[in-house]
Amino acid sequence: MTTERLAVVSGAGTGIGRAIAARLAADGHRVVILGRRAAVLEQARDTIERTTGPGRIIPLPADLTDPEAVGSAAARIAELGPVDVLVNNAGAIVTPPADDTLAALAHSWRQDLDGNLLTAVLLTTALQNHLRRPGSRLVVISSAAAQRGGAGPHSAGSYAAAKAALHGWAFGLARQLGSDGITVNVLAPGYIEDTEIFGDGWTESFHAQKVADTLVGRAGTPTDVAEAVAYLASPAAGYLTGQVIGLNGGAVLGR
Ligand SMILES: NC(=O)c1ccc[n+]([C@@H]2O[C@H](COP(=O)([O-])OP(=O)(O)OC[C@H]3O[C@@H](n4cnc5c(N)ncnc54)[C@H](OP(=O)(O)O)[C@@H]3O)[C@@H](O)[C@H]2O)c1
């Protein structure tokens with residue numbers, strides 16, 4: 001049955017976010033997709049709507065590290081109705097410090113914290129009064145790096161730290177919003193192929209190492225993540241909140 005549930009997915013022009021948006025749209029949601037590049041969002045909309053039909057995807061360009069841009073985006077989203085599903089997926093791996101000065105280190109860490117932590121905090125806070133009560137589902141995309149350190153060839157430690165910070169923040173949010181009938185969960189993917197996040201750092205040997213780390217002998221796909229989000233976002237998942245769920249082919253066990 002088609003419903004008019006409203007979903008918001010950040011970083012949904014590419015990779016994991018685009019797959020999540022496609023899955024939620026296929027489930028009958030109208031989906032607001034956020035990212036900085038308008039052309040990339042429009043392309044994602046056109047691709048997804050080839051399957052779902054028109055009117056499912058609403059592109060909204062915004063830099064989610066910018067409080068003003070987030071405020072404007074949230075005001076536009078509020079006009080569309082209460083938010084049933086919010087997936088904080090936007091994130092990036094920042095290039096390590098340019099040199100060994102403390103100034104370069106501080107710059108790099110601030111970029112990672114802005115891009116991976118503040119993006120989620122600002123968007124969620126801006127939308128907090130527009131969540132459906134009861135019933136909203138909040139999903140935060142973290143990373144296995146938060147559980148074991150590192151983030152591939154460019155790791156400077158700040159990516160793992162920024163993702164781990166999402167966990168403590170999400171636990172507090174789950175406590176705060178539970179009595180409103182809102183759930184908050186963290187999904188921590190391991191290595192997922194076919195995304196833009198590794199940029200030039202992606203190599204065949206990096207890929208092979210990541211696959212070798214798993215118990216199932218393959219890389220994860222954006223669809224693997226989208227399937228898990230579809231459940232966490234569903235009305236059926238109302239008793240599941242305040243959890244960190246690993247989705248990593250067994251590369252990280254039981255955390
Ligand atoms: N791929 C993996 O192996 C893996 C593993 C664990 C966790 N993750 C996490 O999964 C999420 C999605 O990553 P991905 O692998 O699908 O990489 P991706 O293809 O690079 O997707 C990241 C998306 O976030 C958007 N974004 C980045 N900074 C933004 C900002 N300041 N404001 C708005 N949008 C922003 C980007 O679009 P614009 O550049 O147009 O803004 C991009 O579409 C990230 O949080 C990542 O940390 C990925």
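Author: We'll go through the sheet, then the ligand, then a few residues. Keep in mind that this is a predicted model.

Reader: Okay, sheet first. In what order do the strands of the open sheet come?

Author: The order is S3-S2-S1-S4-S5-S6-S7. That makes 7 strands, with parallel pairing.

Reader: And what holds strands of a sheet together, in general?

Author: Backbone hydrogen bonds pair them, in a parallel or antiparallel way.

Reader: Which strands stand at the edges?

Author: Strand S3 (57-61) and strand S7 (244-247). Each has a single partner strand, so one side of each has no neighbour in the sheet.

Reader: How much are neighbouring strands turned against each other?

Author: By 20° on average, ignoring direction.

Reader: Let's zoom in on S4 and S5. How many bridges join them?

Author: There are 4 bridges. S4 covers residues 85-88, S5 covers residues 137-141, and the two run parallel.

Reader: Which residue in S5 is the bridge partner of Asn88?

Author: Val140 is the partner of Asn88.

Reader: What about helices? Which strands does helix H2 lie across?

Author: Helix H2, residues 38-52, lies across S2 (30-35) and S3. Its angle to S3 is about 175°.

Reader: New topic: the ligand. How many residues surround the ligand?

Author: 28 residues do. The closest are Thr14, Arg36, Arg37, Asn89 and Tyr159.

Reader: Which polar atoms lie by its oxygen atoms?

Author: A polar side-chain atom of Arg37 lies 2.7 Å from a ligand oxygen. Ile192 uses a backbone N or O atom instead, 2.8 Å from a ligand oxygen.

Reader: And what lies by a nitrogen atom of the ligand?

Author: A polar side-chain atom of Asp63, at 3.0 Å.

Reader: How much of the ligand does the protein bury?

Author: The protein buries 95% of the 880 Å² that the ligand exposes when taken alone.

Reader: Back to Thr14. Where is it, and is it buried or exposed?

Author: Thr14 is in the loop between S1 and helix H1 (15-26). Thr14 has 18% relative accessibility, and buried means under 20%, so Thr14 counts as buried. Beyond its sequence neighbours up to four places away, Thr14 touches Arg37, Val40 and Glu196.

Reader: Arg37 again! It came up with the ligand. Now, where is Asn185?

Author: Asn185 sits in strand S6, residues 183-189. Asn185 is buried, at 2% relative accessibility.

Reader: What does the side chain of Asn185 have a polar atom close to, at 2.7 Å?

Author: The backbone oxygen of Leu240. Leaving aside neighbours within four places in sequence, Asn185 also has contacts that include Val140, Leu232 and Gln243.

Reader: And Arg5: buried or exposed?

Author: Buried, at 17% relative accessibility. Arg5 is in the segment before strand S1 (6-10). The side chains of Arg5 and His29 make a polar contact of 3.1 Å.

Reader: Is Asp194 buried or exposed?

Author: Exposed, with a relative accessible area of 63%. Asp194 lies in the loop between S6 and helix H7 (204-213).

Note on methods:
Residues numbered from 1 in each chain as written. Predicted model: local features only at pLDDT ≥ 70, side-chain atom pairs only at ≥ 80, totals over all residues. Heavy atoms only, no water. Pairing = 2+ DSSP bridges. Axes fitted to C-alpha atoms, helices over the stretch in contact; angles between N-to-C directions. Contact = heavy atoms within 4.5 Å. Near = heavy atom within 4 Å. Polar contact = N/O pair within 3.5 Å; in protein donor to acceptor, adjacent residues only side chain to side chain. Areas by Shrake-Rupley, 256 points an atom, 1.4 Å probe, with all protein chains shown as cover. Buried < 20%, exposed > 50% of the residue type's maximum accessible area, 1.4 Å probe, protein only.
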